[in-house]
Protein chains: 2
Amino acid sequence: MSLDLDRYLAERRALVDQALDAVLPVEGTTPPTVHKAMRYSVLAGGKRLRPILVIAGAEAVGGRADTVMPTACALELIHTYSLIHDDLPAMDDDDYRRGRLTNHKVFGEAMAILAGDALLTLAFGLVAANASRVADPRVICAVVADLAHASGTDGMVCGQVVDIESEGKTVTPDTLDYIHSRKTAALIRVSLRAGAFLAGGSAAQVRWISEAGDRLGLAFQIVDDILDVEGDSATLGKTAGSDERKRKATYPALHGLEVSRKRARALLDEAKERLAPLGPPAAPIQALADFIFERRS
Amino acid sequence: MSLDLDRYLAERRALVDQALDAVLPVEGTTPPTVHKAMRYSVLAGGKRLRPILVIAGAEAVGGRADTVMPTACALELIHTYSLIHDDLPAMDDDDYRRGRLTNHKVFGEAMAILAGDALLTLAFGLVAANASRVADPRVICAVVADLAHASGTDGMVCGQVVDIESEGKTVTPDTLDYIHSRKTAALIRVSLRAGAFLAGGSAAQVRWISEAGDRLGLAFQIVDDILDVEGDSATLGKTAGSDERKRKATYPALHGLEVSRKRARALLDEAKERLAPLGPPAAPIQALADFIFERRS
């Protein structure tokens, strides 16, 4: 495979960063505080993994980045809203995120709650605005439904609920899989899937990509857990070892590092297998699978 | 006008209550706490004004309740999410709402934040699901965009931000109008508008109804302020006089009760004037205008 992944990621990240800057109300928009708080967390950097997966999902079925850009941005806004709310004192009570103070440490709790609410709301507005770039508006309705499903109580929110309720308790491997599949994997899966769907992918193509997305998402969370054990705070941009301190359920804590690494690798290999019928256009997603395994932050 | 408003409201409220019960995940759905928290606040009663306005908006252009029911439910979920988050200790710190303990008093802050997030998310999923009941899916995209606009930082969230930031300060009449038009009127306007739009209203019909909605929404908030001064806690279901204790900006505080009543009446008369071209099908909205003025809770 001749794909230069670093270049691929850098180019798409630049496009996404530019688009995010454009879809967020400009600094100074009334009322200024909430817009500043929204921009602070969204424009704090980050890998832009979810928007890049939306783009890669589109490209895998022959589509283009600009067709799906509003929805790519929406995925990053939903991810950021979830981080802002998860970091709140009533939830995980984290002080650092992406190497900077968390939103509520800078803007206060009320503004952090409202900035998160506003980002989630704006995200759905962006998917609706994506209608002008696709031929069939029914696809937009399906993506809104999919996104609501993956972000709500059958997805991300419920993953966070069970995660919080499991703190300090012994969790079973099944519960841990449940948390991981909903808290992280659901949004990663829906990112790839939305891209393929918006770009006009066939039912079979969307299914292959969704199945790969499930496995990529789970592997991503397992690697995240491994990094929390192994990494240092400077590289991670958040406090390393924080999962253990909070007695959070993690994959390495339950299964050990060795088994965790093997499981992540196996899931990523399965993902690559699912993508095989798509051929060369899916090369970026294939490369992303390796990137997820090898990442250090 | 021979419309029996009490009966009209009771019948539609029953339909809405039934639909809300059906769209919310049943008690016991995993994870149970967040679903219990969602059901607790949504099914706490309430006037169901916003969903009834969605239905009345549809009926005013010749549509039927069942065509717009998923969106009608969505409006109530968005309203409820905003109440749950507004009541949080970091925001208005209220203990009672609709005559019962607020969500966070029963389920804790983390769960209240997540239940609100889940309701907002589910709301957008419901609007998307409404696609199966309309002929043109582009209408759904427009309603999602409209709803995101009315609920986000150009609407409800920004009204709440300015409201919080104005506590304990002297606000100008312009700032107060700004808060009212965004915090309450935007969602009331979009309720009527969405109903008319989903039911296939013409551009002119949707415009008349939107203009009436603006005025109904502002009048509703002014009457709310008046009730907070005049009402007693038992009738209101929340703590009366709480605006004054928190030194919240209110219409009577700035303009006096007499002027406030006159302004509300004038706005409602303007709303009725805007609805005149729609004829008898708009009778329920006309009657709702009087109901808003005369309500005691």
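Tutor: Two residues are in contact if their C-beta atoms, placed from the backbone, lie within 7 Å. This is a predicted model, in which local features need pLDDT of at least 70 and side-chain atom pairs count only at pLDDT 80 or more, while totals for chains, interfaces and linings use all residues. Residues are numbered from 1 along each chain as its sequence is written, and chains are lettered from A and ligands numbered from 1 in the order in which they are written.

Student: Among contacts in chain A between residues at least 6 apart in sequence, what percentage join residues at least 24 apart?

Tutor: The C-alpha atoms of chain A fill a box of roughly 50 × 50 × 35 Å along the principal axes. Among the contacts between residues at least 6 apart in chain A, the share that joins residues at least 24 apart is 72%.

Student: How many helices and strands has chain A?

Tutor: Helices (H or I, at least four residues) and strands (E, at least two) are DSSP runs, numbered from the N terminus. By that count, chain A has 2 strands and 15 helices.

Student: At what angle do helix H2 and helix H6 of chain A pack?

Tutor: Residues of H2(A), among them Val34(A), Ala37(A) and Met38(A), meet residues of H6(A), including Leu114(A), Ala115(A) and Ala118(A). By class (Ala, Val, Leu, Ile, Met, Phe, Trp, Tyr, Cys and Pro nonpolar; Asp, Glu, Lys and Arg charged; the others, Gly among them, polar), this contact has 10 nonpolar, 2 polar and no charged residues. Axes are lines fitted to C-alpha atoms over the stretch in contact, with angles from 0 to 180 degrees between N-to-C directions. The axes of H2 (residues 32-42) and H6 (residues 109-129) of chain A lie 9 Å apart, at an angle of about 75°.

Student: Is H2(A) roughly parallel or roughly perpendicular to H6(A)?

Tutor: Angles under 35 degrees count as roughly parallel, and those of 65 to 115 as roughly perpendicular. With an angle of about 75°, H2(A) is to H6(A) roughly perpendicular.

Student: Which helix gives the most to the side of chain B that touches chain A?

Tutor: The contact takes 41 residues from each of chain A and chain B. On the side of chain B, the residues divide into 27 nonpolar, 10 polar and 4 charged. The helix that gives the most to this side, with 13 residues, is H6(B).

Notes
Angles under 35 degrees count as roughly parallel, over 145 as roughly antiparallel, 65 to 115 as roughly perpendicular and the rest as oblique.
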